[in-house]
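Please look over the sequence and the structure below before reading on. The paragraphs that follow lead through them step by step.

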Amino acid sequence: MSAEDIVRIVDLRSDTVTLPPPAMREAALRAPLGDDVYGEDPTVRTLEEQAAEITGKEAALLVTSGTMGNLVAVLTHCGRGDEVILGDQSHTFLYEVGGISALGGVHPHPVHNEPDGTMPLREIEAAIRPENVHFPRTRLICLENTHNRCWGAPLKPEYTCAVAKLARARGLAVHLDGARIFNAAIALGVEVRELTCDVDSVTFCLSKGLAAPVGSVICGEREFVAEARRIRKMVGGGMRQAGIIAAYGIVALQTMVERLAGDHENAKLLARGIANIDGLSTEPERVQTNIVYFELERGDPEEFYRRVRAGGILFHRMGERKFRLVTHYGITRPDIDRALAVLADAAKGLV
Ligand SMILES: *Cc1c(COP(=O)(O)O)cnc(C)c1O
């Protein structure tokens, strides 16, 4: 057996790797079930009511993933040929297989994301199309909170409010990709609804930091969610005894939110540690939630990546010399210390 086989794997690739705790599994076994396409699964209904309450919306809809949540939301807001303004670093633009275009015929209009995850209001405004026979019609603005590619930056309520105000003045809707909205709320010390009250729709993930095995929820006004329910069915997302999944989500909302603060602490520790490692660089002051980016300043990045993985630390390479680490429920303080030791070793003597 090699050393690799016996060390504990520290998986810092993503908070999606979290495994559900026993209480979730037990809740899933006990959950009352029904056919949710007929609206008859009581556990799904409970989860949807709770999600609506938390986000301050009238209604909610369980979907399989964050990607489906954003897709269904965008297709509910927009028709074919309509345009959506979204960040050039946003998850929907970069990592959702172009689904809004491929399946909805929706045209993306990317606006550059600042390092803090915002898009400048001026640039959003400039991206809105005037009425002209040549142009697609702008229908929607999408925001992302926390912002994955922008170091997990949380968007402040004031920014979201300013974008919503601009949107309303121009007759547009706002959708929030809140995959990690609970991380944002915890980091900013605000209620989730303060981050969602101004937008028309929001999607959040149960399967990231909240550690449920599957599921995301779209929240919005009643009419919007009724239409989203039709679109969900259209893309094959109507689930039958989905209470099995919803039960995990209910426990996730009850028990996994407050503990996100610990993930943020671990991410900050990681970033401060990396800043002290010769040959690596990061900006610890940018880390507010559970995502850390860093760069290898010198040496062969292939070799560095190989060494770290051989040391039992899993992480993502995001560019030539750029790497990402994500803290979560499965990561302990000793794991952080180990990761730092392995990173320091790997960076040493690289050519
Ligand atoms: C993970 C993520 C999604 C998509 O969620 P999946 O459940 O993996 O489809 C959407 N937006 C952001 C910002 C994410 O980080």
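**A walk through the model**

Arg232 counts as buried, because its relative accessibility is 2%, where buried means under 20% relative accessible area, exposed over 50% and partly exposed in between, judged with a 1.4 Å probe and protein chains only. This is a predicted model, in which local features need pLDDT of at least 70 and side-chain atom pairs count only at pLDDT 80 or more, while totals for chains, interfaces and linings use all residues. Residues are numbered from 1 along each chain as its sequence is written, and side-chain values use heavy atoms, with hydrogens and water left out.

Which residue does Arg232 pair with in a salt bridge? The partner is Asp36, with the closest N and O atoms 3.5 Å apart; a salt bridge here is a side-chain nitrogen of Lys or Arg within 4 Å of a carboxyl oxygen of Asp or Glu. Since Arg232 lies in helix 11 and Asp36 in the loop between helix 2 (22–30) and helix 3, the pair ties together parts that are 196 residues apart in sequence. Helices (H or I, at least four residues) and strands (E, at least two) are DSSP runs, numbered from the N terminus. Asp36 is buried as well, with a relative accessible area of 3%.

Helix 3 itself covers residues 42–55, and its 14 residues reach 20 Å from the first C-alpha to the last, close to the 20 Å expected at 1.5 Å a residue; the expected span is 1.5 Å times one less than the number of residues. At the start of helix 3, a side-chain oxygen of Asp41 comes to within 2.9 Å of the backbone nitrogen of Thr43. Thr43 is also among the buried residues of this helix, together with Val44, Leu47, Glu48, Ala51, Ala52 and Thr55. The elements that cover these buried residues include strand 2 (59–63), helix 10 (192–196), strand 7 (201–205), strand 8 (216–220), helix 11 (222–234) and helix 12 (243–255).

Just after helix 3, Gly56 takes a positive phi of about 70 degrees. Gly56 is found in the loop between helix 3 and strand 2, and is partly exposed, with a relative accessible area of 35%. Although Gly56 and Leu195 are 139 residues apart in sequence, their C-alpha atoms are 9.7 Å apart in space. Thr160 belongs to helix 8 (residues 157–169) and is buried, at 1% relative accessibility.

How many salt bridges does the model hold? The count comes to 19. One of them joins the side chains of Arg298 and Asp278 (3.2 Å, N to O). Arg298 lies in the loop between strand 10 (291–296) and helix 14 (301–310) and Asp278 in the loop between helix 13 (260–275) and strand 9 (280–281), so this pair ties together parts that are 20 residues apart in sequence. Arg298 is partly exposed at 43% relative accessibility, whereas Asp278 is exposed, with a relative accessible area of 61%. Lys348 and Asp345 form another salt bridge, their closest N and O atoms being 3.5 Å apart, and both residues are exposed. Glu302, Arg317 and Glu320 are linked in a network of salt bridges.

Definitions and conventions: Contact means heavy atoms within 4.5 Å. A polar contact is a pair of N or O atoms within 3.5 Å; within protein, one must be able to donate a hydrogen and the other to accept it, and residues adjacent in sequence count only if both atoms are side-chain atoms.
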